[in-house]
Amino acid sequence: MAADTNSPADPPNPEPALDIDRHLKYWKMCLQSPLPHHYLSNEGNRTALAYFIINSIVILTPNSNNNTESPLITPQDRRKLRQWVLSHQHPGGGFSPSSSLVFPLQGYEQWGPETGSQNAESAGLANAPGTLFALQLLALLADKDDPDGAFNGVDRVQTLRWLRRLQREDGSFGEVLRLLPGQGWFIGGGYDMRYCYIAASIRWMLRGDVKEGEPGWVEDFDTEKLANYILSSQTYDGGFAGSSQEEPHAGYAYCAISALSLLDRPLTTTTTNPPPTSPLLSRIRDLPALTHWLTSRQFIYLTPSPPSPTDSDPSPDDNDETEDVNFLLPSLSSLSLSPPSSQHPLVASNGRTNKVADTCYTWWVLAALSNLSQLPLFGDWLPARRFLLEKMAHRIGGFSKYPGGPPDVYHSCFGLTVMSLMGEPGLRKLDGGLAVPEETVKVIERARGKLLKKARTEGKGREVVVLGVMMRGARPGWLGAVGVN
Amino acid sequence: MPPKGKAAQKPKAGSSAAATKSPAATPAAPLSTKSTKATPDQQQPQSSTVAEKSKHNFTLCHPFEDLTGKNSLSALPTQADQLVWFASRLVTRLPVRSIGAKGQKDLWKTVNDHSLPPRGFNIRKHQKRQQQHKTADSRGRDIGEYSTKEWELRQEKRVTLSCLQLQSQRFRELRDRQKRGFVDSQTGDTVLVTDSEYLEEKQRRREMDRLKKELYGTQGMGRQGKLALDPEWDDVVPIVVEDPENALAAIAYSPDYAEAMSYLRAVMNSKEYSPRCLKLTEYIINLNPAHYTVWLFRAANIFALKLPILDEITWLNQIALENLKNYQIWHHRHLLVENYYPSISSDPAALSAFAASEREFLTQILAEDTKNYHVWSYRSWLVGKLGTWFNPEELKSTEDLIDQDVRNNSAWSHRFYLVFSDPENCTPGDKYAATEADPKVPGQIVDREVGYAEGKIRLAPQNQSGWNYLRGVLVKGGRELKSVQSFAEEFVMGLGEEGEGGEGEGTGEEVKSSHALDLLAEIYKEQGEKQKADLCLRRLVEKWDRIRGGYWQWRRDGLGLGEVAA
């Protein structure tokens, strides 16, 4: 239960505090013991659950950098956990999202990474979200003494090649490749703005500035097509959906905006705050409508009270909506009689017009505005913070999906990310585009740099091999056997 | 072996030192014969366990064994005792034939004289029994502690299990022969395993599993899952998921799920497409409907086996109704319809029949959850695929949902799509964005939609869905926003005016919808009436929508009124 003290509005309450120890306790439990059975539906997205856990712990332990380790994850743990994450990498590029999709090595024998041959069905074991979360985890779990080596072991070239194959004809992205009998390769995963965001994010984390012809160069996916696909998915009321023909959704709006900004995000993040607005964002067809739609996601949360006949609610429909008990429209006539709500309003956010409050939408909406460099339009942060801490924070730690609900790793993580984005003291500051702490973004940049450097030196070695082969006039058979292609 | 009759004789009272040395030996029962024949005075104490009985038996056969722990004859008082002891050693440990005819005769005489029961002669069996008695049953109780009755029951189960194992072995051999195309030499028919034999084997294995669990528990012998017990899966070696020591986000799922996944991994790895794979996906989907890989593998099986897609859609309906929040189900449906569509695309009757059956199902599922995002996404895609924008039923069923709940924004969105993506009424393709005017939209369509939105706004003035729709229609239809100025003004009276009592600015105003103020601010701005626009926005900041104060202030700043805005 949330701290459900229905305290009177006056005298003004002190603002509630974020109980960092309590949240850490919750995450410690998630880290150290198996998640309960009701997480089964996420079994196919285990690396996502892992990301929620590790990301939250890193956000909650800002002082663990500079060799003073987080008490929850020792340096030794970090190495082992990184090994575990790397064990999900697929030989054909990308990462499997779950250990149940990691096969024993002989399962990949017939895998033809280049050709996508008929026997390469195991390609379907890597997926886009799995890859994003694996890369984020590697950076979050980086060795403090060797942040540059965070992506050691990541097959950058193969992953980028595989990513390119996930793009559809219309520019959008799927999450997975699968050979369907009699139909050839199928890009699975529905038309979903999340995969567009994930593709842009993986590309930013791995691709770098290698020019065509240089060692380590991989053909890029069609960024213009992706941008156009995203831009065409704005809906009549200004939001974003999987396509312009569907209902807009705050999560998709975040993904659309963040994907656009990641497509032309500089490779290194400077200290300028806020970062320069992406030129792609200015191509959003109706930017004023988008900000209007995003800010409209906020509403005053009224604690549901037992129905009483004296409640003068002029709108008859409200009473029918039993499902929407946590979404009460403030009646305008009552507002005109008394000062709006109370001295200490609680402000929640929903994901769609006329839908219910949910912890994660405060994050999606606020982070979307932040990525548009329009954070001030969210207005006063305190009422939203109050809502999260008074209604959504759970007494065992973590945040719930709805007021009074049990905490879960997804909402608990996004409750923290949004508080961090708003500069909550005691938390690491978050990067709104990549949804990891700013320090972790630095790690990603350095780790990418090391992968590129390695590609360049290896490229030089390969040139020597090519020269040798030319001089000899033939390619010796053993060259392949020792792993030189 | 001595004649049984003699062994069954009652030991001669007082003739054996064993009787005094070992209290457990009195009264000695000839256990080699059926205990039912025992007279009351020969019966074991009721509380005695099989271990005790066994020990008793052994002692009968090995007099002085306790005394001569170190095989030292000197511990025995008399020569007669020594002889008995020696005889018992010989008879239990040596091949008796090797000692010659005379020796055998003497030996058996001594044995008979002392009524050493033959049951205990086999020292190896005795040791084995002792081992058995020390093992625990499924409840952790030593078998040795069993009463005779319990022990007999257990033996019965073991025999039953052995019989079942034999039958099961026979089934496997039969199936093997079928695989190799064996011909029965007597009948001349090829060997065939019938369905009922499969079924029998399946039941048999469940029974075997139950017995094994009862006899040996779930430890050690290993728990046999549903699939391991199913003869259909005998040839598949499951690939078990094993987590290393440091793994994140392990989920405490059931052994059934773990087993099913390990079989799924095996068949995915061997690229098997078969009816049993299809059944396996159904089994897993019932345990966890959210695993996208399972759904894709299911689709692959359907295509590989060329199964009728409509059957799959029918099956899917029930699954969808049982799992309203599931997302993968709708991708699966999408993929199925993509593949089904070419077979009916040139047959208008089949197309409209399919569209109708889909609409019926979608109406049914939306009745359960009227704002289900996945259902609505699928629905809008389906309308485009089948080209049913103009279908009156489609519009009607959307209208019904808005009539039920005027705030159902999903239904409003779908209506916008139906009306403004219909190639009859608008420019096809994505030439014009959703937020742009399309010159092809006929005026009467715009009028109709404006009227519809206005009617619904009057029902619920503070419902944002209606206002968003109204504005969207005006933009799409290329109308100026001011065409609804008087409508919007219906909801705002005396803005900023002082009430009759003179309590200050705004006390005399009446606002029925903050969204009307929002739209009016835009309309006034369009017409250059910046002061009026600013008043609307200012009253939103100050009173009617304070929580969005930051946003309204930003709009005020955009008016360019400078110091007035401050």
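Start with both chains in view: chain B and chain A bury about 7400 Å² between them, 58% of it from carbon and sulfur atoms. Buried area here is the accessible area (1.4 Å probe) that two parts lose on being put together, summed over both. This is a predicted model, in which local features need pLDDT of at least 70 and side-chain atom pairs pLDDT 80 or more, while totals for chains, interfaces and linings use all residues. Residues are numbered from 1 along each chain as its sequence is written, chains are lettered from A and ligands numbered from 1 in the order in which they are written, and side-chain values use heavy atoms, without hydrogens and water.

**Stop 1: the interface**

Select the two faces: 78 residues of chain B are in contact with 92 residues of chain A (contact means heavy atoms within 4.5 Å). Between the chains there are 2 salt bridges, a salt bridge being a side-chain nitrogen of Lys or Arg within 4 Å of a carboxyl oxygen of Asp or Glu. Zoom in on B:Glu245 and A:Lys80, a salt bridge with its closest N and O atoms 3.8 Å apart. Next, pick helix H12 (residues 292-304) of chain B, which gives 8 residues, the largest share of the side of chain B that touches chain A. Helices (H or I, at least four residues) and strands (E, at least two) are DSSP runs, numbered from the N terminus.

**Stop 2: a hairpin in chain A**

Now select residues 176-180 and 184-188 of chain A, strands S1 and S2, which run antiparallel and are joined by 5 bridges. Strands count as paired if DSSP finds at least two bridges between them. One pair to click on is A:Leu177 with its bridge partner A:Ile187. The hairpin has 3 residues between its strands, and A:Gly182 in the turn has a positive phi of about 80 degrees.

Which way do the side chains of S1(A) point? A:Val176, A:Arg178 and A:Leu180 point one way, and A:Leu177 and A:Leu179 the other. Since 5 of the 5 residues of S1(A) are buried, the strand is largely enclosed by the rest of the structure. Buried means under 20% relative accessible area, exposed over 50%, and partly exposed in between (1.4 Å probe, protein chains only).

**Stop 3: A:Arg207**

Move to the loop between helix H6 (193-206) and helix H7 (223-231) of chain A, where A:Arg207 is found. A:Arg207 counts as buried because its relative accessibility is 12%. A polar atom of its side chain lies 2.5 Å from the backbone oxygen of A:Val218. Beyond four places in sequence, the residues in contact with A:Arg207 include A:Arg156, A:Trp217 and A:Leu452.

**Stop 4: salt bridges within the chains**

Over all chains, the structure holds 61 salt bridges. In chain A, show A:Asp148 and A:Arg446, with closest N and O atoms 2.7 Å apart. These two residues are 298 residues apart: A:Asp148 is in the loop between helix H4 (128-140) and helix H5 (156-164), and A:Arg446 is in helix H14 (residues 438-472).

Switch to chain B for B:Glu505 and B:Arg539, which meet in a salt bridge (3.8 Å, N to O). Here B:Arg539 is buried at 5% relative accessible area, whereas B:Glu505 is partly exposed at 41%. Then try B:Arg548 and B:Asp545, another salt bridge at 2.7 Å, N to O.

Finish by selecting B:Arg172, B:Arg175, B:Glu201, B:Arg204, B:Arg205 and B:Asp234, which are linked in a network of salt bridges.

Notes. A polar contact is a pair of N or O atoms within 3.5 Å; within protein, one must be able to donate a hydrogen and the other to accept it, and residues adjacent in sequence count only if both atoms are side-chain atoms.
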